[in-house]
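Subject: Structure handover

Hello,

I am passing on the structure we discussed. Please look it over before reading my notes.

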Amino acid sequence: MVNTEDFVRRLERILQYYGLSASVFADKIAVQRSSISHLLSGRNKPSLDFVLKVVKTFPEVNLYWLLNGKGSFPSETTNADPAPTQTLTTTEKLPLGGSGSGKSIEKIIIFYSDGSFKSYHGK
């Protein structure tokens, strides 16, 4: 479980590091400005979508650090794509919800104990 107060402190540190206001930060990660305001005030808790947008937009932000405060910020190992992706071939697509549902898995994210993760995208 993410401690909201600690998460807010880490989020404020990210804003300070990049020299961004809350509204510019919201625009950069493509969320509503009110979402940032509600997070910073402690009214709302961060969603998984929000966290993933932060990590994707700012490669220096370590996912494990953002969620748990463990690790470092800025990340010591930064690459252009923090989430290595592997595309599933058409024959590897897995049905979701049983046969005939017309649904397939779009994305799978695996989180490792060292704070790293891999993202697999279906196409």
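This is a predicted model: local features need pLDDT of at least 70, side-chain atom pairs count only at pLDDT 80 or more; totals for chains, interfaces and linings use all residues.

Salt bridges

Side chains of opposite charge can pair when their charged atoms come close. The count here comes to three salt bridges.

- R9 pairs with D6, with 2.1 Å between the closest N and O atoms. Both residues belong to helix 1 and sit three residues apart, about one turn of the helix. R9 has a relative accessible area of 49%, so it is partly exposed; D6, at 26%, is also partly exposed.
- D49 pairs with K53, the closest N and O atoms being 3.6 Å apart. Both are in helix 4 (residues 48–57), four residues apart, about one turn of the helix. D49 is partly exposed because its relative accessibility is 47%, and K53 is partly exposed at 25%.
- R33 pairs with D27, at 2.7 Å between the closest N and O atoms. D27 is partly exposed, with a relative accessible area of 45%.

R10

R10 is part of helix 1 (residues 4–18). Leaving aside residues up to four places away in sequence, R10 touches W65, L66, L67, N68 and G69.

F73

F73 is in the loop between helix 5 (63–68) and strand 1 (85–88). Its relative accessibility is 6%, so F73 counts as buried. Not counting residues up to four places away in sequence, the contacts of F73 are R13, I14, Y17, Y18, E60, V61 and W65. I14 is 59 residues from F73 along the chain, and the two C-alpha atoms are separated by 8.4 Å.

S21

S21 sits in the loop between helix 1 and helix 2 (22–29). S21 counts as partly exposed because its relative accessibility is 37%. Its side chain makes a polar contact with the side chain of S23 (3.2 Å). A polar atom of the S21 side chain also lies 3.2 Å from the backbone nitrogen of V24.

Surface patch

I108, I110 and Y112 make a nonpolar surface patch of about 230 Å². Of these, I110 belongs to strand 2 (residues 107–111) and, at 35% relative accessibility, counts as partly exposed.

Regards

Key: Residues are numbered from 1 along each chain as its sequence is written. Side-chain values use heavy atoms; hydrogens and water are left out. Helices (H or I, at least four residues) and strands (E, at least two) are DSSP runs, numbered from the N terminus. Contact means heavy atoms within 4.5 Å. Patches are made of residues with over 30% relative accessible area and no salt bridge: like charges are joined within 9 Å, nonpolar side chains (Val, Leu, Ile, Met, Phe, Trp, Tyr) within 5 Å. Accessible areas come from the Shrake-Rupley method with a 1.4 Å probe; for residues, only the protein chains shown count as cover. A salt bridge is a side-chain nitrogen of Lys or Arg within 4 Å of a carboxyl oxygen of Asp or Glu. Buried means under 20% relative accessible area, exposed over 50%, partly exposed in between (1.4 Å probe, protein chains only). A polar contact is a pair of N or O atoms within 3.5 Å; within protein, one must be able to donate a hydrogen and the other to accept it, and residues adjacent in sequence count only if both atoms are side-chain atoms.
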